[in-house]
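Welcome! Keep the viewer open as you go.

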Amino acid sequence: MQKKWLAVALASALVCSASTAVLADEVKIGVVNTEVILRDSPAAQAASKKLESEFSKRDKEINAAGQRLKSDFERFEKNAPTMTDQERLRKQRDLQDRDRDFQRRQRELREDFNQRRNEELQKLLRQSKTVIKNIAQREKYDLILQEAIYVNPKIDITDQVLKELK
């Protein structure tokens, strides 16, 4: 959070110093909304579909295992009064072991998914930074900020970045 405020303060100082130092030159500033790029760009949507297809099979398998475990537990609760102590204890241990395995598999799936999602986001961020730098150089921007509290639509170049991201 402090880094963002520092960046905003530095940008403000740069704008102020540039505008007072060179009155004849106009400072050209642009702003990009990274959240919109990570959500709406074709590359972000393709990455989302890729992750969904990559993890859907595992997710379905884990959900099915969870449903089986739930129904087995309900059956156990229903039949427990008629079981012998030894049988009830064995079945209870089996269900606990299966539940631990199920929770471990869920946790591993979440961790794997988050890791892959972060990889895809980093890839998209690298692509967007390249596009933003190209726009800045081509259109002679002095400063391009990512994120701001308020942005005048005339300096928001997010849509332009979205068009160039493929």
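Helices, taken as runs of at least four residues assigned by DSSP, and strands, runs of at least two, are numbered from the N terminus. Keep in mind that this is a predicted model.

**Exercise 1. Get an overview of the chain.**
Find out how many helices and strands the protein chain has, and in what order the elements run from the N terminus.

Solution. 
- Step 1: Count the elements. The protein chain holds five helices and two strands.
- Step 2: Walk along the chain. Starting at the N terminus, the order is α-β-α-α-α-β-α.
- Step 3: Look at burial. Of the 166 residues in the protein chain, 23% are buried.
- Step 4: Look at the contacts. Among those with a separation of 6 or more, 80% are between residues 24 or more positions apart.

**Exercise 2. Explore a pocket.**
Which residues line the second largest pocket, and which helix gives the most to its lining?

Solution. 
- Step 1: Start with the idea behind the search. Rolling a probe the size of a water molecule over the atoms shows where empty space is left.
- Step 2: Note the volume. The second largest pocket has about 160 Å³.
- Step 3: List the lining. The residues are Leu-38, Ala-44, Ala-47, Ser-48, Leu-51, Glu-52, Phe-113, Arg-117, Glu-120 and Leu-121.
- Step 4: Sort them by element. Helix 3 (42-79) and helix 4 each bring at least two residues to the lining of this pocket. Helix 3 gives the most, with five residues.
- Step 5: Sort them by class. The lining of the second largest pocket has six nonpolar residues, one polar residue and three charged residues.

**Exercise 3. Zoom in on one lining residue.**
Is Glu-120 buried or exposed, and with which residue does its side chain make a polar contact?

Solution. 
- Step 1: Locate Glu-120. This residue lies in helix 4.
- Step 2: Apply the cut-off. Buried means under 20% relative accessible area. Glu-120 has 11%, so it is buried.
- Step 3: Find the partners. Beyond its neighbours within four places in sequence, Glu-120 is in contact with Ala-47, Lys-50 and Leu-51.
- Step 4: Pick out the polar contact. The side chains of Glu-120 and Lys-50 are joined by one of 3.5 Å.

**Exercise 4. Follow contacts across the sequence.**
Where are Thr-34, Arg-105 and Val-161, and what do they touch?

Solution. 
- Step 1: Begin with Thr-34, which sits in helix 2 (residues 34-40). Its relative accessible area is 13%, so Thr-34 counts as buried. Apart from neighbours within four places in sequence, Thr-34 is in contact with Leu-125, Gln-146 and Glu-147.
- Step 2: Go on to Arg-105 in helix 4 (residues 85-138). With 26% relative accessible area, Arg-105 is partly exposed. Setting aside neighbours within four places in sequence, its contacts are Glu-61, Ile-62 and Ala-65. Take Ile-62: its C-alpha is 7.2 Å from that of Arg-105, while the two residues are 43 apart in sequence.
- Step 3: Finish with Val-161, found in helix 5 (residues 158-164). Val-161 is buried, at a relative accessible area of 0%. Outside the four places on either side in sequence, Val-161 is in contact with Val-32, Ile-37, Val-131, Ile-132 and Ile-135. Now compare Val-161 with Asn-33: the two are 128 residues apart in sequence, and 9.6 Å apart from C-alpha to C-alpha.

**Exercise 5. Check two backbone angles.**
What is the phi of Lys-140, and what is the phi of Glu-147?

Solution. 
- Step 1: Take Lys-140. Its phi is positive, about 60 degrees, although this residue is not a glycine. Lys-140 belongs to the loop between helix 4 and strand 2 (143-146). At 64% relative accessibility, Lys-140 is exposed.
- Step 2: Take Glu-147, a contact of Thr-34. The phi of Glu-147 is also positive, near 80 degrees, in a residue other than glycine. Glu-147 sits in the loop between strand 2 and helix 5. With a relative accessible area of 28%, Glu-147 is partly exposed.

Methods
Residues are numbered from 1 along each chain as its sequence is written. This is a predicted model: local features need pLDDT of at least 70, side-chain atom pairs count only at pLDDT 80 or more; totals for chains, interfaces and linings use all residues. Side-chain values use heavy atoms; hydrogens and water are left out. Buried means under 20% relative accessible area, exposed over 50%, partly exposed in between (1.4 Å probe, protein chains only). Contact means heavy atoms within 4.5 Å. On a 1 Å grid over the protein atoms alone, a cavity is a set of points where a 1.4 Å probe fits but cannot get out, and a pocket is an open set with protein on both sides within 12 Å along at least five of seven lines; lining residues have an atom within 4 Å of a point. Grid points are joined across faces, edges and corners, and a volume is the space filled by probe spheres set on the points. Ala, Val, Leu, Ile, Met, Phe, Trp, Tyr, Cys and Pro count as nonpolar, Asp, Glu, Lys and Arg as charged, and the others, Gly among them, as polar. A polar contact is a pair of N or O atoms within 3.5 Å; within protein, one must be able to donate a hydrogen and the other to accept it, and residues adjacent in sequence count only if both atoms are side-chain atoms.
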